[in-house]
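Subject: Structure handover, salt bridges

Hello,

Please find below the structure I said I would pass on. My notes come after it.

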Amino acid sequence: MADASQGSAPKPSSSVKLVLLGEAAVGKSSLVMRFVNNDFQENKEPTIGAAFLTQKCPLPTRTIKFEIWDTAGQERFASLAPMYYRNASAALVVYDITKPSSLTKAQHWVAELQRQASPGIVIALVGNKLDLATPSTSPEGADEAAEDENDDDEADARKVPTKTAKAYADEDGLLFFETSAKTGENVAEVFTAIANAIPETQLKGTRGSAAARAQEESRVNLSAGRDTMGAKEGCAC
Amino acid sequence: MQAESLNDTDWDIVIAGTGLYQSLLALALSRSDKKVLHLDKNSYYGEAEAAFSLQEAEEWVKEQNNSSASIENLSPSEEDGPKLSFPRAYSLALAPQLIYTSSKLIECLVTSKAFRQLEFQAMGSWWLYSASKDSEPDSSGTPAEASGNLVRIPTNREDVAFSDSTIDLRSKRSVMKVLRFIMDYDNQEELWEGYKERPFAEFLTNHFKLPPTLVDLFLALTFSPTCSSQTTTAFALPRISRHLRSIGRLGPGFSSVIPKWGGLAEVSQVGCRAGAVGGAVYMLGSGISKTESIDDSTTLHLTSGDIVRTKHLVANPVSLSSNSSQPSQNSSEGTSRSISIVGSSLPALFPQLTEGAPIPAGAVVIRPAGSFPSETSDPAPVQLIIHSSETGECPKNQCIIYASTPASAPAGPSLLDAAVNALLACIDNPPVLWRMHYPFVPARIPSDAGDGVHLFPAGMSADLVFDDTILDRVETIWRALVGDTNAAFLVFEDREGQAEDEEDEYL
């Protein structure tokens with residue numbers, strides 16, 4: 001669903017570090033799996049082994065290459081390191097719409113981002129597990145989810161009203177979406193909205209950007225002559 | 001979906017403390033199937049190698065009970081002068097070190113693929129501070145020095161050829177001769193064997209007829225944390241040789257590198273993240289209040305209230321103690337360190353090394369022992385490592401001076417201040433905005449702790465150069481834990497999605 005558009009003249013491409021935050025088991029990794037692989041696994045184990053995924057997001061005038069960092073479980077005991085937040089241009093703060101405490105936790109993570117991350121970071125608040133809600137309470141584009149409604153729970157499992165979370169997001173200047181990693185609803189939209197919200201000036205790795213080149217000039221390539229990394233640095237044209 | 005609780009898990013390994021040793025171990029274990037719980041009683045990563053914002057530095061100083069750690073905020077009150085920025089704009093390294101490009105650490109970070117999350121930068125010029133001999137102590141008794149100067153230490157033919165007038169033509173020839181000899185010292189043992197345990201200065205003077213000013217240049221390159229009189233030839237030659245042989249290995253001109261954003265603290269965090277990605281559970285702010293060994297397992301009472309069982313415990317003497325500060329120590333044992341934030345980028349210290357060299361992010365200034373006329377019985381050298389804002393440790397137009405001396409308090413801290421001030425006096429005298437003093441206790445090798453408990457030293461040695469034996473210790477404990485004597489240490493494939501050479505693949 002978010003496949004890179006192929007063909008046509010190459011557009012400028014920039015790398016963007018995006019970090020995931022949110023309480024355990026709200027579906028952080030599932031959202032990314034849906035976005036990157038268009039895949040969903042029920043009852044997924046807590047994240048192991050997936051640290052870092054990349055996915056391109058084509059926009060009309062440029063391509064954003066997301067480097068998506070997962071918490072690797074370090075959020076569980078509030079043990080994320082400063083290096084996790086460093087240079088992140090975007091953050092996905094996820095909560096579970098069936099679990100009000102996870103929104104409280106999300107607010108905590110937003111505060112943590114405001115404390116630790118770069119001042120211009122784009123933050124999207126995402127209420128996940130929209131497939132567990134009946135469509136009536138979710139005014140925005142929940143029709144498709146309704147058609148898929150084959151869950152065994154008849155009752156609406158939603159505990160966080162859309163407008164509560166939306167009001168909070170508006171107040172703090174966050175992008176806001178409700179998604180279902182399970183059905184894929186709204187997932188690509190979140191990433192596209194983030195890509196669009198990142199100011200051109202913030203983009204590092206933009207080919208030809210003077211700021212990006214200056215940054216690279218002090219960098220030492222540790223694997224010089226060891227693998228093909230060298231070629232990559234050399235062809236930044 | 002929630003991971004099982006800490007208490008119900010039979011942990012294979014509990015690691016206490018996130019200093020460099022334990023973090024490298026976490027990295028080494030990150031592809032094993034061991035169940036690992038990694039704790040730190042501090043709320044930050046890195047233990048003695050941590051990097052701090054100003055606020056974290058203040059909290060840390062408060063925790064160092066009965067030690068001579070202190071902070072001074074010297075930000076000037078004038079409206080338009082340089083100002084201290086917000087606390088998080090700084091990332092100050094408690095244990096800054098240079099990593100020679102020939103270090104095994106570089107190799108390990110590459111083969112383990114951990115380097116992909118790190119940024120390394122080049123150290124630039126090395127300078128020798130020489131005091132003018134006629135300066136007198138001022139009325140307050142602190143040595144006054146208006147007229148010291150900096151000499152750039154030459155390390156190759158070009159440096160020597162283009163060096164300023166401090167080296168005359170005849171001396172240039174001698175300097176080249178010494179440089180050539182040191183590059184090949186291990187093949188010419190007959191030349192220096194007789195001087196092995198004698199001062200290196202004596203060898204240079206007697207054998208190469210070097211004048212004292214040039215002897216100082218070579219002594220500086222040893223980057224020895226001790227006095228020149230204690231710097232033996234056997235100690236000096238491998239160190240200078242390492243410096244010279246490291247030049248050009250990872251790019252033109254530089255011999256050592258530093259990790260961006262706070263030095264070894266960054267390596268610790270990357271090691272721990274690799275551990276987490278491999279499934280280890282991380283818990284900061286949780287120490288061990290009690291350990292009980294029963295049969296072949298150890299029960300740990302954590303300060304969080306949890307009680308966990310593990311087959312192995314890996315720690316260091318500090319991470320095992322419930323006290324939050326460094327081990328109580330005889331202060332005369334410690335060396336003195338300071339961190340100064342300077343309100344200038346000090347461009348004069350960071351000239352481009354050579355054509356095509358990366359922008360240097362650091363510089364070294366060595367101030368030999370005895371530079372102060374007023375120094376008495378026990379002269380001590382001062383080593384200064386200056387990091388520019390390129391390191392991400394401070395905002396633009398500022399830089400950080402990390403100062404170190406083997407002299408302990410009370411002489412040490414004032415010696416450091418004098419050295420920093422004298423250096424700044426050589427380069428337009430920019431203001432020091434903030435300064436922290438702390439005693440640095442070189443870690444000792446702990447004695448064996450017994451079955452199932454493995455101990456690392458609690459931090460680094462006094463040396464400001466990364467010590468490769470750290471990796472040997474990590475490897476020894478790693479082998480004991482995984483029980484495999486043949487497996488390659490810290491050699492991993494990239495994890496899925498992590499390799500950067502997929503750059504041009506379309507997904």
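This is a predicted model: local features need pLDDT of at least 70, side-chain atom pairs count only at pLDDT 80 or more; totals for chains, interfaces and linings use all residues.

Residues are numbered from 1 along each chain as its sequence is written, chains are lettered from A and ligands numbered from 1 in the order in which they are written, and side-chain values use heavy atoms, with hydrogens and water left out.

Over all chains there are 23 salt bridges (a side-chain nitrogen of Lys or Arg within 4 Å of a carboxyl oxygen of Asp or Glu).

Asp10(B) pairs with Arg309(B) at 2.8 Å, N to O. The partners are 299 residues apart, in strand 1 and strand 13 of chain B (helices, H or I of at least four residues, and strands, E of at least two, are DSSP runs numbered from the N terminus). Asp10(B) is partly exposed at 47% relative accessible area, and Arg309(B) is partly exposed at 35% (buried is under 20%, exposed over 50%, partly exposed in between; 1.4 Å probe, protein chains only).

Lys104(B) and Asp472(B) form a salt bridge at 3.1 Å, N to O. Lys104(B) is in helix 3 and Asp472(B) in helix 13 of chain B, so the bridge ties together parts 368 residues apart in sequence.

In the salt bridge between Arg239(B) and Asp463(B), the closest N and O atoms are 2.8 Å apart. Both residues are buried.

Finally, salt bridges with shared partners join Lys104(B), Asp472(B), Glu475(B) and Arg479(B) into one network.

Regards
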